[in-house]
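Morning, everyone. Let me put the model on the screen, and then we go residue by residue.

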Amino acid sequence: MALSRGLRCCQRVFSWIPVLIITCVVLWSYYAYVFELCLFTLTNTLEKVAYLLIFHVCFVMFSWTYWKSIFTPPASPCKKFQLSYSDKQRYEMEERPDAQKQILVEIAKKLPIFSRAQSGAIRFCDRCQVLKPDRCHHCSVCETCVLKMDHHCPWVNNCVGFSNYKFFLLFLSYSMLYCVFIAATVFQYFLKFWVGDLPNGPAKFHVLFLMFVALMFFVSLMFLFGYHCWLVAKNRSTLEAFSAPVFVNGPDRSGFNVGTRRNLQQVFGEDRRLWFVPVFTSQGNGHYFPLKNRTSESHNPLLANEDMWEESDDGSEEGSLAEDQDPSVTIEMEE
């Protein structure tokens, strides 16, 4: 037991190494650009002030989005999707598998669950003891079920999902902007150092490597950002791009695709003035999403009144969507 705890502790410590690497590279780039380039190399005061002003705007937005991507906790299913104490007792005391499945079916009737396991059964997480909402998956690293899980990113040491997907996209975009600005403004001084027009000194090393590092990160980020832009336009997560979500009528990669404009609004919200600001504006609460074939409000839980899903003081449950459930489905226990 102690050994297992020690291994987990080591794993948590080592999981911060990628974040530490990124942080060190960014801090070095700050020093190299602000001090070695702007303060020690540039002679034109106007150019120096303009470079420093724009650079710090990019740096602040990059740091802000990176912080939000790292420290925004992944959202987990609410209590409505968990087995209540009485249901859990009834489920554990029941020895017949068919009866256990029926207990879970009764619970699922009250929830807006439209996706299924590969076998066609309702998805149930045996570790978290929850019925999985649509687009929810269990992360073995975070050891919890994550709403609209996209992937677990080691570079932010966090699960990218419903709660921080917008922040992750903004982090990629501002990272690219940061690299592009550095490369564009450093380029002429890179050439001057390269051909010997500027004297050798500590600044030469920093300026040359700034150019190489900025271009290297930009190329890698460009492909990743482009891929996620395509995913947002199609309303797919990384997991759904590799394994199509399954519905009552079978697998459908475009099951959640409700049009490019509405797909963007699901992630960034309706107020376009806040699209590029790292504040949470995504629609819904991550437990249910509009379906391609269910666009009316009566069959669209995301646009319905969310108050009916709030926990009441006495723990009672309201807002059953039993009419959207297929009572003939079964439950599959998933790891």
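Is I21 buried or exposed, or partly exposed? I21 is partly exposed, because its relative accessible area is 44%; buried means under 20%, exposed over 50%, and partly exposed in between, with a 1.4 Å probe and protein chains only.

Some ground rules. This is a predicted model: local features need pLDDT of at least 70, side-chain atom pairs count only at pLDDT 80 or more, and totals for chains, interfaces and linings use all residues. Residues are numbered from 1 along each chain as its sequence is written, and side-chain values use heavy atoms, with hydrogens and water left out.

Back to I21. It sits in helix α2, residues 17-39. Helices here are DSSP runs of H or I, at least four residues, and strands are runs of E, at least two, numbered from the N terminus.

Next, F167. Its place is helix α6, residues 165-195. F167 counts as buried because its relative accessibility is 2%. What does F167 contact, leaving aside neighbours within four places in sequence? T65, K68, S69, T72, P278, V279 and F280. Contact means heavy atoms within 4.5 Å. Y66 is 101 residues from F167 along the chain, yet their C-alpha atoms are separated by 7.6 Å.

Last, R116. Find it in the loop between α5 (97-108) and β1 (122-125). R116 is buried, because its relative accessible area is 5%. Where does its side chain go? It reaches the backbone oxygen of F114, at 3.4 Å.

Note on methods. Polar contact = N/O pair within 3.5 Å; in protein donor to acceptor, adjacent residues only side chain to side chain.
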